[in-house]
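Q: I am new to this structure and would like to go through it step by step. Could we look at it together?
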Amino acid sequence: MSKTSLLLSLLCFSTFAATANNFYPDNARYAISLSFDDARKSQVDIGLPLLDRYKVKGTFYVMPDQMQEKALQWKAAAINGHEIANHTKNHLCTGNFRWLREKGKGLEQVNLDFIEKDIQLSQQEISALTGKTPEGFAYPCGQTFVGRGEAVQSYVPFIAKSFNYGRTWNDETANDPLYYDPAQIRAFNMDGKTFDQLKALLERAKFENAWIVFAGHEVGQKALYTIDEKALEQLIVYLQEPKNGYWLATVAEVNTFIQKTKR
Ligand SMILES: [Zn+2]
């Protein structure tokens, strides 16, 4: 065998090995990311200290206005290696939320130009507040459209052009590293669940090499929009146990790893 063909066989083998059951760093079989939306205060007061205690990096999708009151803590979190990413300036979702509709900020009421400017403004303000430019985006309410009926347009192409990735919400599947679209990374809702329910969700969601993304809002006592602090701690302990096979990293980190490994 010539040196070149030996090298080629080795390359083929390593490509194959990368799709076998040690796809992720540290021989992990699955990747998981913990993400938190809206820059809620309890994320700073309870969530970040908990993650820091276990040396876990989280991903936080923020609106700059919501960051103002805890601006210094958000900046410190960014410096400390947590991912701070874009969640628009005005959190546009469907105008079936009457409070949004009354402000003229229902997704059915706006066009692509409006949402793009809103996202760009948020990007500038988050960069100014944290000193770091976000590389990721999360669609408010997980919704990816503007307009209504035959005039509906998707703003996914704008996110694909402007960011390394976009994350949706309230999905029903994990991401397959060999197939997923970085502009629409799927995420499960982790709010309001006990640790046992979160663990059952992992068992249901995981497949070979699956990348599971969890998304929550407040951190505190289990409620509709709150991930329970105790459940989150138990989840972290479970995910950090090597025999369970998970690589726990930010959304940006896992996305970059997969994109590089696939090349
Ligand atoms: Zn949100």
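Q: Where is Asn244 found?
A: This is a predicted model. In it, Asn244 is found in the loop between H9 and strand E12, which covers 246-248.

Q: Is Asn244 buried or exposed there?
A: Asn244 counts as buried, because its relative accessibility is 16% and the cut-off for buried is under 20%.

Q: Which residues does Asn244 touch?
A: Leaving aside residues up to four places away in sequence, Asn244 touches Tyr30 and Tyr238.

Q: And how many residues apart along the chain are Asn244 and Ala28?
A: Asn244 and Ala28 are 216 residues apart along the chain, and their C-alpha atoms are separated by 8.5 Å.

Q: Turning to H9 itself, at what angle do H2 and H9 pack?
A: Helix H2, residues 41-53, packs with helix H9, residues 229-240, at an angle of about 25°, and their axes are 11 Å apart. H2 is therefore roughly parallel to H9, since angles under 35 degrees count as such.

Q: What is the handedness of the crossing of H2 and H9?
A: The crossing in which H2 passes H9 is right-handed.

Q: Which residues of H2 and H9 meet?
A: From H2, Ile46, Leu50, Leu51 and Arg53 meet Glu229, Leu232, Glu233 and Ile236 of H9. The residues of this contact of H2 with H9 comprise five nonpolar, no polar and three charged.

Q: Why does His87 count as buried?
A: His87 is buried because its relative accessible area is 1%, against a cut-off of under 20%.

Q: What about His91, buried or exposed?
A: His91 also counts as buried, at 13% relative accessibility.

Q: Where does His91 lie, by the way?
A: His91 lies in the loop that runs between strand E3 (83-86) and helix H5 (98-102). The phi of His91 is positive, about 50°, although His91 is not a glycine.

Terms used: Residues numbered from 1 in each chain as written. Predicted model: local features only at pLDDT ≥ 70, side-chain atom pairs only at ≥ 80, totals over all residues. Heavy atoms only, no water. Buried < 20%, exposed > 50% of the residue type's maximum accessible area, 1.4 Å probe, protein only. Axes fitted to C-alpha atoms, helices over the stretch in contact; angles between N-to-C directions. Helix = DSSP H or I, 4+ residues; strand = E, 2+ residues; numbered from the N terminus. Parallel < 35°, antiparallel > 145°, perpendicular 65-115°, else oblique. Left-handed = near helix turned anticlockwise from the far one by under 90°. Contact = heavy atoms within 4.5 Å. Nonpolar A, V, L, I, M, F, W, Y, C, P; charged D, E, K, R; others polar.
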